[in-house]
Structure formats: structure tokens, C-alpha cells
Amino acid sequence: MPDQPSPKHAKDDPRVEDTQHAASQDSPAAEDTAAVVAVDTAGGAMQPSAVPATAQSGQLPGGSGTVLRRIFTGSGIVSVLAVLLALIIGGLLIASTDKQVATTAGYFFARPTDMLAAVWNAATRSYIALFQGSVFNPRGNGLAAQFAPFMETLTIATPLITAGLGVALAFRAGLFNIGAQGQIIVAGILAAWVGFALHLPFGLHLLLVLVAGIVGGALWGGLAGLLKARTGAHEVIVTIMFNYIALYFLRYLLNTPAFQRPGESNPISPILDPSAVYPQILGSQYRLHLGFVLAIAATVLVWWLLNRSTVGFEFRAVGANPKAAQTAGINVSRSTILVMAIAGGLAGMSGVAQVAGTEKVLTDGVAATYGFDAITVALLGRSTPWGTFAAGLLFGAFRAGAVQMQIQTGTPIDIVLVVQSLIVLFIAAPPLVRAVFGLNPRRRKPARAARSRQAATTGGAA
Amino acid sequence: MKKSLRAVFKRGSMAGVATLGASALVLTACGAAPEAGSTSSAGASDYTGCIVSDSGGFDDQSFNQSSYEGLKKTEKDLGIKVNQIESKTNNDFEPNLRAMVTAGCNLTITVGFLLGDATKAQATANPDKHFAIIDFGYDKPISNVKPIIYDTAQAAFLAGYLAAGTTKTGTVATFGGIKIPTVTIFMDGYADGVKYYNQQKGKNVKLLGWNKDAQDGSFTGDFEKQDVGKQLTKNFLDQGADIVMPVAGPVGKGAGAALNEAKAAGKDVKLIWVDSDGYLTAPDYKDIMLSSVMKQMGEAVETVVTEDKEGKFNNTPYVGTLANDGVQLAPFHDLDSQVPAEVKSDLEKIKKDIVDGKLKVESAASPKA
């Protein structure tokens, strides 16, 4: 609950604490109520859930669910600060691998300014390169070339956004979808096969590729949802295993002649027909393709689905508390299957963006690490459609900029991955971030007793 | 009382360690500051050689690393500038290659068949730039791309013969990382070497892990999971093999670990390394390193860069063979005494026959040049 620095927060309101205190005498369940309201609205970031707050407590099936939920829906400021903190630590890491820093550290006491300057130089040089590689490169030849890095960012962000939306959507329905990777792969297999094996007219071919990919992802995701709904198999385990099945199935296929180029035995598919690939929307000097427009459309769609549609309302209700949702007449099984299918379909769009957008072939690396990065993106975007979109852009920028960072400054790409991982780490630990920036609310002595007891009932997550 | 004493003692030792550590830090930071304005600038040439790895990275103990080290060597020897980018995933290939072209690379070396399409695209779009690609050849040559490929089966043939002639149990083994031509070519040559030994000597040495006719055998599934390589090797040992050739990059270390354990348990086992001379590059397994099937990628990269810098670039594929020392069987080093003299002289003769073309080593994966 301390995710909200807002003073309106239930916990900082003495009256609420008093109520909690009093209520806890006879009903431990009621104690959680006020806290849960805060979780439910994520400090006002989300709309309050339709499900009565009393139904939501630390005793939800799977106590870790609330922790996850909190991580996913933490407040925006924490996301920003986490990125900032990660960049600072990343800068120090860059400096520590820098030769100039190492040299100057040797005579730190003789002339400390040298080392400090070297540290500053190393970090800023790398981040400037990161910026130039991802947003705007003033050394480019003409405006088109100067903005090329930004187009590259959008290109790389495309599959991250759609897969991230899939993860975010499933999470809002209370499902932790680790299976984006497998869903991208299955979508990639189907889309690529339609793309290189069938030869159809322009327009129709691409449409079929897109449909094949979305259907493939939806089936793979929906199957996981079906297993969850019908047998109670945990979606985390099911989707992780489905990732492996998809990957090894892909590797098997790539070893069959049907998926290889005629006369070659390398595990790489033929190139997709020109009629099957996304058009490059801003001309051939950029890699940016139609998939990005579709990613924007998907974001709008998910926003509408979640906030304006009955189905989305049901998803959120199930996510808040499946039992209460069932009591209220919502078909939980149907929602679970449907949300996983839609999530899979969104991840499937990433698969299409890969084979029909940037790669144009199918290899066993078709999904890269997008399926797992998508989880991070959804985390950073706090599971909201536009938050995920923005987080996707940020990660796209990191990836695009990493190339320049490597060339200009020799910073290993691993540093960028470290920064990304640090962001996740900090988002998962909001109190740490707020402690670093001195944002933790002052604790008052009488409040502490209530809080610590409450912490115990909510699994110590506070 | 005891407890508190211990606590004090503990705290004391902690403080001591801390003091020691701090003083070490302070001491290392006590050097004299250099005079200002003493920046050195070597007379570097304008020529830039670049390299883009595949997702294995430059520390893959395999072709990325060898090629990278070759290029790094030219940085010193020829005084050229070097740019390198590691690809983390297949998606990085095209952006990385584009970035290299933008960065003004004269020659860009790409590593592996997965970069084939991306290299072709950039080469076609930038006809004034030169490219070289390791371990991949195009059906239709591209005017500004030089393929660097290896007829590895020739050297692997020698390794197969060596293994068959040295084994004490009459069973040898091999396994691969992923079933791709650049891996199976080793296994084909190895299998043929064993077969040739059996034909010549009327023996029946068994080979585990690869069936050349069926083109199928044992694979670990990737070039990462060393424990899978270790398990496979243990299985081979249980089936009576005493010499194993892993063709799986770093996964070979798993095989080395399993063999080291077997040796510690008193078994007489041996390892055949691939790509580089394992005696030098994987010294942990020195004691069991019988030999290595080497692909001299560093040397090939150096040659191509040197030629290009001198304006002698051409797109004729470089094919490493026994004849041009592009592929070799490494020396036996410490295990020299364990190789029968007869086998050694046979190997000399076989090598000569292959170089002269009297003995043909064929593999479905051989370069079609």
C-alpha cells in the first residue's frame, strides 16, 4: 500500500487507521478493506473496481497475487524514478568499465578531479550516444537522417507494445501471462508459412498473414486459458511450458524441408513474398512499417476494451476477485479463456510484426526476447494501455540507442540490458525507490502499531 | 560472556578486514598524476574494419570470438580502426549492419549464416562498401561480399582417424550443438575418418552420436547449456566410448567436465576440441586434450582485411582446406606419447592424399565452391 505517495492515501488518514484498528478487534477481514480500496484504485491511477472492496483482501486466492498486483499497478512516479535511478546506476557501471576512469583512479588522491571528470565523461558520452541512437542524431545528413534513430525506436517498439498489451490485459484479468514468447513464436510460424508458402495477390496476402498470426497467437494463448479455466492448471506454469513447446516445435519445423530454402539445410525459412510483408510507411530509408500503426490501433482497442466495454468490465471484475465476479453472475471460465485468447492475439501481432515487418524470414530467434521484455514493458506501463505503449517506446529507444552506444563509445550492449533489469528491480521495490529519493511518508509512532499488524495480515508486503 | 566475547572478536575481525580493504584501496589510488597534455595519438590509418557478431557474442569461444580476435590483431598490426557490435538477438542484425555502414566502415565482417540475408541487403544497398561473411556462401555471388567458408570435413576426417586409431575401448563419440551444416560437417568428416580406419585396418571401431547416412545424431539443442553436454558425454562413457568430440562451442566445456570427472575416477578418456586448439584455449582440459579440429578464422579475417586495405578486395570465396592450412588438426601436445606411431604416420599420409585430391572427403554440408 505504500505505493501511493499521495497524502489522500487511506493509510495516512488517521481516521482510516482508527477504523482499521477498531475493526480488527472483531473482524480481521475488515481490516484490509481500506487498504484494498487503495490497491484497487492504485492511488487514483485506475478506476475503482466494480467489485466490492470488501471482497478483495490479502486473502485472495494466492496471497502473492496482491503483491504482483501491487507491482503491476504501482504509481506513475515510481516508474519514472525507477528509470532515473537505473540510469544513474547504469552510468556508474559504464564508468567502472571505462579505461580512462581506471587510469585516473590510479592517482585519485593526487588529483581526484581527473577521475571524477572521467566518470562524468564516460557516463554522459554513453548516454548521449544512447540518445543519438534512439531519438535524434544531429550529425545526420539532412533532417530525414537525423530523425532516422527515432524511426528505428518506433520500429523496435512495435512488437514490444503489442506483446506488452497482451501481458497487461491478461494481468488486469488477474492472469500472469508469461506466455507471450510462445504466442509470438506460434504466430510467427503461421504468419511466415502463409507468407512464403502461399502466393496470393497484394493486399489479400498480407491480410491473410496478419490473420494467421493473430489466430495462431490467440489459439496458443486461449489454450492456456482453457487449461486454466477447465482444469485449474496455473497459468504461469502452463504458459512457461507452452513457450518451450512452441520454441522446440519451431526448431523441429526449421529442420524440415518444408520450412527450409530449397537446396539449403540451414534452419532458416525462405524469404516472405513481397506481397506478404508490411509496407514501409515512411519510405524505404526507414524500417518503420505498417505494424506500428496497427500497434497504435491495438492500444486504442485495448483501452476501449478495458474501459468502455462489457467484456473489459468483466475482465477487470474477474481480475479483482474471481469469486465475487462469479457471484455477480460473470462467467469466470469464459472470461479467462477469452482474455488469454485476446492476449495471445495481441502477442500474435508482435509475431507478425517480426516476420512480416522487420525480419521477413522465420528463424528460431524470431521472437528474440520480446515475449519476456513484454512482461517488463507491461510492468513499467502499470498494465494500462497507454502506459504500456509509452514503456514500449522507452524500451525500443534503449534497444535502438544501444547500437550507437556500442559503436561510438564501445559500451557493451549488456549495460543496456543491466539498466533494463534495474528498472524492473526498482519497480518491483517501490519503497526502495522512494527511500532513495526521500519520498517515504514520515512515520508516526501510534500509526506504526496498526501498520505492522496490517503488514502481517497482508503478507508483510507493505 | 562467551557469546559477547565472540561478538567482540567478530566485530574486531570485521573492522580489521574493512581497514585492510580500505587501505588497499587507498594504496592503489596513490599513484602520481601524469603531466597534463600528454595524450598520445598513434598514427592511425583512415581504414575502418568492422565486425558484427551473431547472437553468440564475441566471447562464444567459437567463430565469433576467433573472427573478432583476428580483426583485433589487424588493429595492432595494420594500425586500422576497429568497430565491433554484438548482436543479442536475430533482430539486431539489420540495425547493427546499418549502423556499421553509417559509421563509415570500409569492410564489415559478419559472422554466421543467420546474417546472410541482412548482409546481402546492406551489400546491395551500399555497393561501394565491402563485406565478408564467415561460414556462409551465397548461391549467386555478390560483387562486394567475400564469403569465408571452411571445408572442415577434411580436418575432421583426420580427427576421426586419430580417434579410431587411439581408442582403447573400440568406441568413440561425437555430438553437436544444433543440427546446422557448419556443425554436421565436423561430424560427417569424423564419421568418415572412423570408417576409413575400419576399412584400412579391418577393425570395427564404433561411432556414437552421429550417423552420416541418416544425417542424424545427438545434439544438445543450443550452444549454451553445458550441463546437457556433460550429460550426453556421460551417456557416451556409459556406452563404452573413451574419446569424445563435442561440436558445440562452449557446450564442449560440459563434455570436458564429464571427461575430467571420468579421468579422476581412473578411466582413460580423451577429448577432441573444435574450432581452435583447445590445449591453448581451454586449458582446463589439457590433460585429456588429444587434439583439435581447427578452423583458422582469425587468420582468414586478417588476410581479407589486409587484402582489402591494400585495395585487393575480391569476392571469390575463401575456402579453408588442409591444403591452405585453413583447417588443421592441432598437435597432440601432452598426449603425444599416447598416439601410436603408426597412426601418426598414417595421418601424415592421409593429409597428403587429401591435399593431393587422391582421397575425397565429402559431406552434404561441404562448401559448394
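Helices α16(A) and α17(A) lie oblique to each other. The term rests on angle bands: under 35 degrees is roughly parallel, over 145 roughly antiparallel, 65 to 115 roughly perpendicular, and the rest oblique. Here the angle is about 125°, and the two axes are 7 Å apart. Axes are lines fitted to C-alpha atoms, for helices over the stretch in contact, and angles run from 0 to 180 degrees between N-to-C directions. Helix α16(A) covers residues 370–380, and α17(A) covers residues 385–409. The helices themselves are DSSP runs of H or I with at least four residues, strands are E runs of at least two, and both are numbered from the N terminus.

This is a predicted model, in which local features need pLDDT of at least 70 and side-chain atom pairs pLDDT 80 or more, while totals for chains, interfaces and linings use all residues. Residues are numbered from 1 along each chain as its sequence is written, with chains lettered from A and ligands numbered from 1 in the order in which they are written.

From α16(A), the contact draws on A:Asp373, A:Val377, A:Ala378 and A:Leu380. From α17(A) come A:Thr388, A:Ala391, A:Gly392 and A:Phe395. Two residues are in contact if their C-beta atoms, placed from the backbone, lie within 7 Å. By class, the residues of this contact are five nonpolar, two polar and one charged. Nonpolar covers Ala, Val, Leu, Ile, Met, Phe, Trp, Tyr, Cys and Pro; charged covers Asp, Glu, Lys and Arg; the others, Gly among them, are polar.

Helix α17(A) has another partner in α12(A). These two pack at about 155°, with axes 8 Å apart. They are therefore roughly antiparallel. A:Thr299, A:Val302, A:Trp303 and A:Leu306 of α12(A) meet A:Pro385, A:Trp386 and A:Phe389 of α17(A). This contact has six nonpolar residues, one polar and no charged.

Helix α12(A), residues 290–308, also packs on α15(A), residues 332–358. Their axes come within 10 Å and cross at roughly 170°. So this pair, too, is roughly antiparallel. On the α12(A) side, the contact uses A:Gly291, A:Leu294 and A:Ala298. On the α15(A) side, it uses A:Leu346, A:Met349, A:Val352, A:Ala353 and A:Gly357. The count is six nonpolar, two polar and no charged residues.

Now α13(A), residues 310–320. Eight of its eleven residues are buried, so the helix is largely enclosed by the rest of the structure. Buried means 20 or more other C-beta atoms within 10 Å of the residue's own; 12 or fewer is exposed, and in between is partly exposed. A:Glu314 and A:Arg316 are among the buried residues of α13(A), as are A:Gly312 and A:Phe315.

Step back to the whole of chain A. There are 20 helices and zero strands. Of its 462 residues, 53% are buried. Among its contacts with a separation of 6 or more, 75% join residues 24 or more positions apart.

A:Ala122 sits in helix α6 of chain A and is buried, with 23 other C-beta atoms within 10 Å. Beyond neighbours within four places in sequence, A:Ala122 touches A:Ile94, A:Ala95, A:Asp98, A:Gln100 and A:Val101. A:Phe109 lies in the loop between α5 (99–105) and α6 (112–134) of chain A. With 14 C-beta neighbours inside 10 Å, A:Phe109 counts as partly exposed. Its C-alpha atom is 47 Å from that of A:Thr388, which is 279 residues away along the chain.

Chain B has eleven helices and 14 strands. Buried residues make up 50% of its 369 residues. An automatic or database domain assignment sets the domain bounds. Domain 1 of chain B takes in 4–9 + 22–34 + 44–150 + 297–320, and domain 2 takes in 152–295 + 339–356. Their C-alpha centres lie 29 Å apart. Ten residues of domain 1 and nine of domain 2 form the contact between them.

Finally, the two chains meet. Chain A gives 29 residues to the contact, and chain B gives 26. Helix α17(A) contributes the most on the chain A side, with five residues. That side has 14 nonpolar, ten polar and five charged residues.
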